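Visitor: I have the sequence and the model open. Please show me how to read it, one feature at a time.

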Amino acid sequence: MPATILMDTKVPEAQQSTHAHIKELPIPERGVVLYTDKHPDAPKGLLLKVAASGTKSWVLRYKVDGQPRRYTLGHYPDWKPTRARKEA
């Protein structure tokens, strides 16, 4: 199984994640792109992952004992932005 290829190692600038904004995000040709949710109610580390397959998932980035971790909350559109913010 090939490793995940991140198109950008830095999280791109993002707007507040709204349904309209999320629908307009481009699908990468390969790998995944991570977008930060800039909504005032969004907790630190909440990301929207867009994969080359077209799948969009809410991910929480955090650290345990200094080691970076990521936890997938759920897939968009099943998980709306407000639900992802609340659960994160």
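Guide: Start at a turn. Two residues lie between the strands in the hairpin of β3 and β4, and there Asp 65 takes a positive phi near 50°. Keep in mind that this is a predicted model: local features need pLDDT of at least 70, side-chain atom pairs count only at pLDDT 80 or more, and totals for chains, interfaces and linings use all residues. Residues are numbered from 1 along each chain as its sequence is written, and side-chain values use heavy atoms, with hydrogens and water left out.

Visitor: What secondary structure does the chain have?

Guide: Elements are DSSP runs numbered from the N terminus: helices are H or I with at least four residues, strands are E with at least two. Here the chain has two helices and four strands. Along the sequence they follow the pattern α-β-β-β-β-α.

Visitor: In what order do the four strands form the sheet?

Guide: First the general idea. Strands of a sheet pair through backbone hydrogen bonds, either parallel or antiparallel. The cut-off for a pair is at least two DSSP bridges between the two strands. In this model the order is β1-β2-β3-β4, the sheet is open, and the pairing is antiparallel. Strands β1 and β4 (67-76) stand at the edges with a single partner strand each, so one side of each has no neighbour in the sheet. From one strand to the next, the twist averages 35°. That angle, on a scale from 0 to 180 degrees, is taken between N-to-C directions of lines fitted to C-alpha atoms.

Visitor: How many bridges join β3 to β4?

Guide: Nine, and these two strands run antiparallel. One example is Trp 58, whose bridge partner in β4 is Gly 74.

Visitor: Over how many bridges do β2 and strand β3 pair?

Guide: Strand β2 and β3 (residues 56-64) pair over five bridges, in the antiparallel sense. Follow two positions. Leu 48 stands opposite Trp 58 in β3. Val 50 stands opposite Lys 56 in β3. The hairpin of β2 and β3 has four residues between the strands, and Gly 54 takes a positive phi near 100° there.

Visitor: And over how many bridges do β1 and β2 pair?

Guide: Strand β1 (residues 32-36) pairs with β2 over five bridges, again antiparallel. Val 33 stands opposite Val 50 in β2. Val 32 has Ala 51 as its bridge partner in β2.

Visitor: Is strand β2 mostly covered or mostly open?

Guide: Mostly covered. Burial is judged by relative accessible area: buried is under 20%, exposed is over 50%, and partly exposed is in between (1.4 Å probe, protein chains only). Strand β2 (residues 46-51) has five of its six residues buried. For the chain, 36% of the 88 residues count as buried.

Visitor: Which residues form a nonpolar patch on the surface?

Guide: Tyr 62, Val 64 and Tyr 71, with about 280 Å² of accessible area together. Patch residues have over 30% relative accessible area and no salt bridge; nonpolar side chains (Val, Leu, Ile, Met, Phe, Trp, Tyr) are joined within 5 Å, like charges within 9 Å. The areas come from the Shrake-Rupley method with a 1.4 Å probe, and for residues only the protein chains shown count as cover. Take Tyr 62 in strand β3. Tyr 62 counts as partly exposed because its relative accessibility is 34%.

Visitor: With which residue does Arg 85 form a salt bridge?

Guide: A salt bridge needs a side-chain nitrogen of Lys or Arg within 4 Å of a carboxyl oxygen of Asp or Glu. The count comes to one by this rule. Arg 85 pairs with Asp 37, and their closest N and O atoms are 2.8 Å apart. Arg 85 lies in helix α2 (residues 81-87) and Asp 37 in the loop between β1 and β2, so the pair ties together parts 48 residues apart in sequence.

Visitor: Is Asp 37 buried or exposed?

Guide: At 5% relative accessibility, Asp 37 counts as buried. Arg 85 counts as buried too, at 10%.

Visitor: What about Thr 82: buried or exposed?

Guide: Thr 82 lies in helix α2. Its relative accessibility is 58%, so Thr 82 counts as exposed. Check one distance too: the C-alpha atoms of Thr 82 and Thr 18 are separated by 9.0 Å, although these residues are 64 residues apart along the chain.
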